[in-house]
Amino acid sequence: MRFHVFAILLLICAAGWGQAWEPDTLCRGFEMRRVEQPGDYSGHVVSTIIRKIVPDTAVRRGVLYVHGFNDYFFQSEMGEEFVEHGYDFYAVDLRKYGRSLLPGQKRFQVRKISEYFPDIDSAIVDMGRNGITEIVLMGHSTGGLVTACYLNENVRPQVKALILNSPFLDWNLGKMEKFVGLVAAWGKWFPDTRVKQGESTAYAESLLKRYHGEWDYDTNLKLIQSPDVDAGWVRAINEAQKSLRDGKCDIGIPVLLLYSGNSVGGDEWSEKFNHGDAVLDVKDIRKYGLGLGPEVTPVRVEGGLHDLVLSAPGTRTPLYRYIFHWLSGIRSLQSAFSGSSTNVSAA
(Lines give C-alpha, C1' and ligand atoms only; values in the text may rest on other atoms or scores of the structure.)
Protein backbone atom coordinates (compact mmCIF):
# COMPACT_ATOMS: atom_id res chain seq x y z
CA MET A 1 0.00 0.00 0.00
CA ARG A 2 1.10 3.55 -0.67
CA PHE A 3 0.42 6.73 1.24
CA HIS A 4 1.31 9.90 -0.63
CA VAL A 5 1.34 12.67 1.98
CA PHE A 6 2.12 15.44 -0.48
CA ALA A 7 -0.68 14.35 -2.82
CA ILE A 8 -3.13 14.28 0.06
CA LEU A 9 -2.18 17.80 1.10
CA LEU A 10 -2.79 18.98 -2.45
CA LEU A 11 -6.17 17.29 -2.46
CA ILE A 12 -7.11 18.91 0.83
CA CYS A 13 -6.41 22.29 -0.74
CA ALA A 14 -8.13 21.39 -4.00
CA ALA A 15 -11.24 20.06 -2.25
CA GLY A 16 -12.15 23.59 -1.27
CA TRP A 17 -12.04 24.71 -4.91
CA GLY A 18 -15.59 24.25 -6.05
CA GLN A 19 -19.15 25.33 -5.57
CA ALA A 20 -20.80 25.93 -2.22
CA TRP A 21 -23.38 23.44 -0.94
CA GLU A 22 -26.79 23.86 -2.54
CA PRO A 23 -30.03 21.84 -2.61
CA ASP A 24 -29.75 18.78 -4.80
CA THR A 25 -32.23 18.90 -7.68
CA LEU A 26 -32.22 15.12 -8.18
CA CYS A 27 -32.77 13.88 -4.60
CA ARG A 28 -35.11 15.91 -2.42
CA GLY A 29 -33.74 16.64 1.04
CA PHE A 30 -30.11 16.18 -0.02
CA GLU A 31 -27.54 18.80 -0.92
CA MET A 32 -24.68 18.79 -3.40
CA ARG A 33 -21.59 20.63 -4.52
CA ARG A 34 -19.22 20.26 -7.43
CA VAL A 35 -15.48 19.94 -6.92
CA GLU A 36 -12.98 21.05 -9.54
CA GLN A 37 -10.48 18.28 -10.30
CA PRO A 38 -7.24 18.53 -12.29
CA GLY A 39 -7.96 18.27 -16.01
CA ASP A 40 -7.11 15.14 -17.98
CA TYR A 41 -7.06 13.90 -21.59
CA SER A 42 -10.73 14.90 -21.95
CA GLY A 43 -10.19 18.45 -20.67
CA HIS A 44 -12.08 20.06 -17.79
CA VAL A 45 -13.06 17.56 -15.06
CA VAL A 46 -15.28 17.81 -11.99
CA SER A 47 -16.69 15.44 -9.40
CA THR A 48 -19.87 16.01 -7.39
CA ILE A 49 -20.46 15.31 -3.71
CA ILE A 50 -24.01 14.70 -2.49
CA ARG A 51 -24.90 14.49 1.18
CA LYS A 52 -27.55 14.35 3.87
CA ILE A 53 -26.51 15.06 7.45
CA VAL A 54 -27.89 13.59 10.66
CA PRO A 55 -29.60 16.42 12.57
CA ASP A 56 -27.61 15.57 15.72
CA THR A 57 -24.37 17.52 15.29
CA ALA A 58 -22.57 15.15 17.67
CA VAL A 59 -22.46 12.43 14.99
CA ARG A 60 -18.89 11.40 14.20
CA ARG A 61 -19.50 8.64 11.67
CA GLY A 62 -20.53 8.58 8.02
CA VAL A 63 -20.99 6.52 4.87
CA LEU A 64 -19.48 7.36 1.48
CA TYR A 65 -21.20 5.69 -1.49
CA VAL A 66 -19.73 5.21 -4.97
CA HIS A 67 -22.12 4.31 -7.82
CA GLY A 68 -21.64 1.84 -10.66
CA PHE A 69 -21.27 2.01 -14.46
CA ASN A 70 -24.03 3.82 -16.41
CA ASP A 71 -25.22 5.17 -13.09
CA TYR A 72 -25.32 8.10 -10.68
CA PHE A 73 -26.53 8.58 -7.11
CA PHE A 74 -30.33 8.46 -7.00
CA GLN A 75 -30.86 5.83 -4.28
CA SER A 76 -32.22 8.36 -1.78
CA GLU A 77 -34.01 5.64 0.23
CA MET A 78 -30.61 4.10 0.97
CA GLY A 79 -29.27 7.47 2.08
CA GLU A 80 -32.28 7.99 4.35
CA GLU A 81 -31.74 4.55 5.92
CA PHE A 82 -28.18 5.43 6.89
CA VAL A 83 -29.19 8.83 8.26
CA GLU A 84 -31.97 7.26 10.32
CA HIS A 85 -29.38 4.88 11.80
CA GLY A 86 -27.08 7.72 12.81
CA TYR A 87 -24.67 7.91 9.85
CA ASP A 88 -24.07 11.11 7.91
CA PHE A 89 -24.56 10.01 4.32
CA TYR A 90 -22.32 11.10 1.45
CA ALA A 91 -22.21 9.98 -2.16
CA VAL A 92 -20.00 10.95 -5.05
CA ASP A 93 -20.91 11.19 -8.72
CA LEU A 94 -17.58 10.33 -10.31
CA ARG A 95 -16.08 12.41 -13.11
CA LYS A 96 -17.94 12.03 -16.43
CA TYR A 97 -20.96 10.49 -14.70
CA GLY A 98 -24.32 11.88 -13.62
CA ARG A 99 -24.14 15.35 -12.09
CA SER A 100 -20.44 15.52 -13.02
CA LEU A 101 -20.90 14.97 -16.77
CA LEU A 102 -19.95 18.19 -18.57
CA PRO A 103 -21.23 19.32 -22.00
CA GLY A 104 -19.34 17.64 -24.83
CA GLN A 105 -17.68 15.15 -22.49
CA LYS A 106 -17.52 11.47 -23.42
CA ARG A 107 -19.58 9.47 -20.92
CA PHE A 108 -17.74 7.25 -18.46
CA GLN A 109 -14.35 7.69 -20.17
CA VAL A 110 -11.47 6.34 -18.10
CA ARG A 111 -7.96 5.02 -18.79
CA LYS A 112 -6.96 3.94 -15.26
CA ILE A 113 -9.21 3.22 -12.30
CA SER A 114 -6.92 5.39 -10.16
CA GLU A 115 -8.30 8.43 -12.02
CA TYR A 116 -11.31 8.16 -9.69
CA PHE A 117 -9.26 8.22 -6.50
CA PRO A 118 -9.15 12.06 -6.22
CA ASP A 119 -12.95 12.11 -6.48
CA ILE A 120 -13.16 9.82 -3.45
CA ASP A 121 -10.45 11.74 -1.60
CA SER A 122 -12.29 15.03 -2.10
CA ALA A 123 -15.41 13.55 -0.50
CA ILE A 124 -13.40 12.12 2.40
CA VAL A 125 -11.84 15.55 2.99
CA ASP A 126 -15.31 17.11 3.09
CA MET A 127 -16.45 14.47 5.56
CA GLY A 128 -13.48 15.26 7.79
CA ARG A 129 -14.36 18.93 7.70
CA ASN A 130 -17.79 17.97 9.00
CA GLY A 131 -16.19 16.21 11.98
CA ILE A 132 -16.56 12.65 10.70
CA THR A 133 -13.75 10.47 12.04
CA GLU A 134 -15.17 7.02 11.17
CA ILE A 135 -16.13 6.27 7.57
CA VAL A 136 -17.81 3.30 5.94
CA LEU A 137 -16.94 3.16 2.24
CA MET A 138 -19.60 1.57 0.05
CA GLY A 139 -19.44 0.73 -3.67
CA HIS A 140 -21.88 -0.76 -6.15
CA SER A 141 -20.79 -2.78 -9.22
CA THR A 142 -18.01 -0.79 -10.94
CA GLY A 143 -18.03 1.42 -7.84
CA GLY A 144 -17.29 -1.74 -5.87
CA LEU A 145 -14.28 -2.40 -8.08
CA VAL A 146 -13.16 1.22 -7.69
CA THR A 147 -13.48 1.25 -3.89
CA ALA A 148 -11.70 -2.10 -3.52
CA CYS A 149 -8.79 -0.83 -5.66
CA TYR A 150 -8.78 2.46 -3.76
CA LEU A 151 -8.37 0.79 -0.38
CA ASN A 152 -5.85 -1.70 -1.72
CA GLU A 153 -3.63 1.13 -2.92
CA ASN A 154 -4.22 3.80 -0.25
CA VAL A 155 -4.03 3.97 3.52
CA ARG A 156 -7.04 5.83 4.91
CA PRO A 157 -7.18 5.30 8.70
CA GLN A 158 -10.58 6.95 8.97
CA VAL A 159 -12.15 4.28 6.72
CA LYS A 160 -13.20 1.51 9.08
CA ALA A 161 -15.21 -0.83 6.83
CA LEU A 162 -16.05 -1.53 3.20
CA ILE A 163 -19.49 -2.60 1.91
CA LEU A 164 -19.57 -4.04 -1.61
CA ASN A 165 -22.93 -4.25 -3.37
CA SER A 166 -22.53 -6.69 -6.31
CA PRO A 167 -18.95 -5.57 -7.09
CA PHE A 168 -17.68 -5.85 -10.67
CA LEU A 169 -14.76 -8.18 -9.93
CA ASP A 170 -14.96 -10.20 -13.15
CA TRP A 171 -16.46 -10.01 -16.62
CA ASN A 172 -19.71 -11.79 -17.44
CA LEU A 173 -19.54 -12.07 -21.22
CA GLY A 174 -19.91 -15.77 -21.92
CA LYS A 175 -18.02 -16.88 -25.02
CA MET A 176 -16.98 -13.30 -25.78
CA GLU A 177 -14.93 -13.14 -22.59
CA LYS A 178 -11.96 -14.78 -24.32
CA PHE A 179 -11.51 -11.59 -26.36
CA VAL A 180 -11.24 -9.25 -23.36
CA GLY A 181 -7.46 -9.57 -23.10
CA LEU A 182 -7.05 -8.76 -26.78
CA VAL A 183 -9.32 -5.69 -26.57
CA ALA A 184 -7.53 -4.53 -23.41
CA ALA A 185 -4.13 -4.84 -25.14
CA TRP A 186 -5.48 -2.88 -28.11
CA GLY A 187 -6.76 -0.25 -25.69
CA LYS A 188 -3.25 0.59 -24.55
CA TRP A 189 -2.42 2.06 -27.96
CA PHE A 190 -5.86 2.86 -29.39
CA PRO A 191 -7.99 3.70 -26.34
CA ASP A 192 -10.73 5.51 -28.26
CA THR A 193 -11.71 2.45 -30.30
CA ARG A 194 -15.44 1.92 -29.88
CA VAL A 195 -16.60 -1.28 -28.18
CA LYS A 196 -20.29 -2.02 -28.63
CA GLN A 197 -22.36 -3.11 -25.64
CA GLY A 198 -25.43 -5.34 -25.63
CA GLU A 199 -28.82 -3.99 -26.68
CA SER A 200 -30.99 -5.52 -23.96
CA THR A 201 -33.14 -3.18 -21.86
CA ALA A 202 -34.32 -5.93 -19.49
CA TYR A 203 -32.37 -4.72 -16.45
CA ALA A 204 -33.68 -1.17 -16.80
CA GLU A 205 -37.20 -2.55 -17.20
CA SER A 206 -36.81 -4.40 -13.90
CA LEU A 207 -35.98 -1.08 -12.18
CA LEU A 208 -38.14 1.61 -13.79
CA LYS A 209 -41.67 2.23 -12.55
CA ARG A 210 -42.87 2.85 -16.10
CA TYR A 211 -42.09 -0.79 -16.92
CA HIS A 212 -41.94 -3.51 -14.25
CA GLY A 213 -40.01 -1.85 -11.44
CA GLU A 214 -40.45 0.49 -8.49
CA TRP A 215 -38.10 3.39 -9.21
CA ASP A 216 -37.93 6.67 -11.08
CA TYR A 217 -34.57 8.05 -12.17
CA ASP A 218 -33.17 10.31 -14.88
CA THR A 219 -32.70 8.11 -17.95
CA ASN A 220 -30.47 10.77 -19.50
CA LEU A 221 -27.97 10.05 -16.71
CA LYS A 222 -28.62 6.31 -16.32
CA LEU A 223 -29.43 5.14 -19.82
CA ILE A 224 -32.06 2.46 -20.43
CA GLN A 225 -29.73 0.65 -22.83
CA SER A 226 -26.13 0.20 -21.77
CA PRO A 227 -24.01 2.68 -23.79
CA ASP A 228 -21.01 1.75 -25.88
CA VAL A 229 -17.61 2.01 -24.21
CA ASP A 230 -14.11 2.16 -25.68
CA ALA A 231 -11.06 -0.06 -25.60
CA GLY A 232 -9.42 2.21 -23.03
CA TRP A 233 -12.33 1.61 -20.63
CA VAL A 234 -12.05 -2.16 -21.16
CA ARG A 235 -8.33 -1.99 -20.39
CA ALA A 236 -8.90 0.08 -17.23
CA ILE A 237 -11.48 -2.38 -15.89
CA ASN A 238 -9.46 -5.45 -16.83
CA GLU A 239 -6.27 -4.13 -15.22
CA ALA A 240 -8.16 -3.16 -12.08
CA GLN A 241 -9.71 -6.62 -11.74
CA LYS A 242 -6.33 -8.30 -12.18
CA SER A 243 -4.80 -6.04 -9.52
CA LEU A 244 -7.10 -7.60 -6.90
CA ARG A 245 -6.27 -11.25 -7.66
CA ASP A 246 -3.58 -13.82 -6.97
CA GLY A 247 -2.71 -12.50 -3.53
CA LYS A 248 -2.14 -8.92 -4.72
CA CYS A 249 -5.01 -7.52 -2.67
CA ASP A 250 -4.94 -7.04 1.10
CA ILE A 251 -7.74 -4.81 2.34
CA GLY A 252 -7.06 -4.81 6.04
CA ILE A 253 -10.49 -3.72 7.28
CA PRO A 254 -13.77 -5.69 7.50
CA VAL A 255 -15.46 -6.17 4.13
CA LEU A 256 -19.16 -6.98 3.67
CA LEU A 257 -19.52 -8.76 0.33
CA LEU A 258 -23.14 -8.64 -0.90
CA TYR A 259 -24.43 -10.46 -3.97
CA SER A 260 -27.71 -11.83 -5.31
CA GLY A 261 -28.85 -15.37 -4.83
CA ASN A 262 -28.71 -16.04 -8.57
CA SER A 263 -27.81 -14.57 -11.94
CA VAL A 264 -30.33 -14.21 -14.76
CA GLY A 265 -29.89 -13.73 -18.49
CA GLY A 266 -31.68 -13.15 -21.77
CA ASP A 267 -32.48 -10.23 -24.04
CA GLU A 268 -36.19 -9.78 -23.24
CA TRP A 269 -37.62 -8.93 -19.84
CA SER A 270 -39.40 -11.65 -17.91
CA GLU A 271 -40.39 -11.99 -14.25
CA LYS A 272 -37.04 -13.58 -13.38
CA PHE A 273 -35.30 -10.26 -14.02
CA ASN A 274 -37.02 -8.82 -10.94
CA HIS A 275 -35.46 -11.44 -8.67
CA GLY A 276 -31.85 -11.89 -9.81
CA ASP A 277 -28.64 -10.21 -10.98
CA ALA A 278 -29.00 -9.44 -14.69
CA VAL A 279 -25.49 -7.99 -15.02
CA LEU A 280 -22.85 -10.13 -13.27
CA ASP A 281 -22.17 -13.76 -12.38
CA VAL A 282 -22.81 -14.05 -8.65
CA LYS A 283 -20.46 -17.04 -8.38
CA ASP A 284 -17.59 -14.88 -9.65
CA ILE A 285 -18.47 -12.12 -7.17
CA ARG A 286 -18.11 -14.56 -4.29
CA LYS A 287 -15.02 -16.26 -5.73
CA TYR A 288 -12.99 -13.11 -6.22
CA GLY A 289 -14.54 -11.19 -3.35
CA LEU A 290 -13.31 -13.68 -0.78
CA GLY A 291 -9.73 -12.90 -1.85
CA LEU A 292 -9.92 -9.17 -1.07
CA GLY A 293 -8.65 -9.44 2.49
CA PRO A 294 -8.61 -11.38 5.75
CA GLU A 295 -12.03 -10.20 7.01
CA VAL A 296 -14.58 -10.75 4.26
CA THR A 297 -18.17 -11.61 5.21
CA PRO A 298 -19.99 -13.00 2.13
CA VAL A 299 -23.76 -12.53 2.11
CA ARG A 300 -26.04 -14.09 -0.49
CA VAL A 301 -29.18 -11.96 -0.87
CA GLU A 302 -32.02 -14.14 -2.09
CA GLY A 303 -34.18 -12.42 -4.70
CA GLY A 304 -31.80 -9.49 -5.02
CA LEU A 305 -31.36 -7.40 -8.15
CA HIS A 306 -27.92 -6.39 -9.41
CA ASP A 307 -28.26 -3.20 -7.36
CA LEU A 308 -29.40 -4.93 -4.22
CA VAL A 309 -30.83 -1.81 -2.55
CA LEU A 310 -33.26 -1.48 -5.48
CA SER A 311 -34.68 -4.97 -4.92
CA ALA A 312 -38.27 -5.58 -3.85
CA PRO A 313 -39.21 -4.47 -0.30
CA GLY A 314 -39.31 -8.06 0.93
CA THR A 315 -35.63 -8.37 -0.05
CA ARG A 316 -34.15 -4.98 0.77
CA THR A 317 -35.81 -4.62 4.19
CA PRO A 318 -34.00 -7.63 5.72
CA LEU A 319 -30.89 -6.60 3.77
CA TYR A 320 -30.77 -3.22 5.53
CA ARG A 321 -31.41 -4.95 8.84
CA TYR A 322 -28.40 -7.20 8.23
CA ILE A 323 -26.15 -4.31 7.10
CA PHE A 324 -26.78 -2.33 10.28
CA HIS A 325 -26.37 -5.41 12.43
CA TRP A 326 -23.00 -6.04 10.74
CA LEU A 327 -21.94 -2.43 11.19
CA SER A 328 -22.84 -2.50 14.87
CA GLY A 329 -20.45 -5.43 15.23
CA ILE A 330 -17.68 -3.50 13.49
CA ARG A 331 -18.14 -0.47 15.74
CA SER A 332 -17.96 -2.55 18.91
CA LEU A 333 -14.91 -4.41 17.59
CA GLN A 334 -16.79 -7.69 17.55
CA SER A 335 -16.63 -8.42 13.83
CA ALA A 336 -15.45 -11.87 12.82
CA PHE A 337 -14.42 -13.39 9.55
CA SER A 338 -16.95 -15.82 8.13
CA GLY A 339 -15.69 -18.25 5.56
CA SER A 340 -19.16 -19.46 4.63
CA SER A 341 -21.98 -17.52 3.04
CA THR A 342 -24.73 -15.93 5.07
CA ASN A 343 -28.16 -15.80 3.43
CA VAL A 344 -30.47 -12.80 3.64
CA SER A 345 -34.10 -13.44 2.82
CA ALA A 346 -37.49 -12.15 3.82
CA ALA A 347 -38.67 -13.31 7.23
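Reply: The surroundings of one leucine

Leaving aside its neighbours within four places in sequence, leucine 64 is in contact with Tyr90, Ala91, Val92, Ile120, Ala123, Ile124, Met127, Ile135, Val136, Leu137 and Met138; contact means heavy atoms within 4.5 Å. The model is predicted, so local features need pLDDT of at least 70 and side-chain atom pairs count only at pLDDT 80 or more, whereas totals for chains, interfaces and linings use all residues. Residues are numbered from 1 along each chain as its sequence is written, and side-chain values use heavy atoms, with hydrogens and water left out.

Leu64 belongs to the largest nonpolar core, which has 53 residues, and is one of those with the most contacts inside it, together with Trp233 and Ile251. Such a core is a set of buried Ala, Val, Leu, Ile, Met, Phe, Trp, Tyr and Cys residues joined through side-chain atoms within 4.5 Å. Buried means under 20% relative accessible area, exposed over 50%, and partly exposed in between, with a 1.4 Å probe and protein chains only. In soluble globular proteins, nonpolar side chains tend to be buried together. Helix α4 (residues 142-153) gives this core its largest share, six residues. A second, separate core of 45 residues includes Ile50, Phe74, Ile163 and Tyr217.

Among the contacts of leucine 64 are Ile120, Ala123, Ile124 and Met127, which are also listed as buried residues of helix α3. Helices (H or I, at least four residues) and strands (E, at least two) are DSSP runs, numbered from the N terminus. Ten of the 13 residues of α3 are buried, so this helix is mostly covered. The buried set also includes Asp119, Asp121 and Asp126. Glycine 131 follows α3, and its phi is positive, near 90°.

The loop between β4 (61-66) and α2 (76-84) holds aspartate 71. Aspartate 71 is buried because its relative accessible area is 1%.

Rings of Phe, Tyr and Trp (its six-membered ring) pair if their centres lie within 6.5 Å; planes under 30 degrees apart count as stacked, over 60 as edge-to-face and the rest as tilted. The whole structure contains 18 aromatic pairs. In one of these, the ring centres of phenylalanine 82 and tyrosine 87 are 6.1 Å apart and the planes stand at 85°, so the pair is edge-to-face. Phenylalanine 82, at 1% relative accessibility, is buried, and tyrosine 87, at 4%, is buried too. Both belong to one aromatic cluster, which also includes Phe30, Tyr65, Phe73, Phe89 and Phe324.

Arginine 61 lies over the face of tyrosine 87, at 4.0 Å from the ring centre. A charge sits over a ring if NZ of Lys or CZ of Arg is within 6 Å of the ring centre and within 35 degrees of the ring normal.
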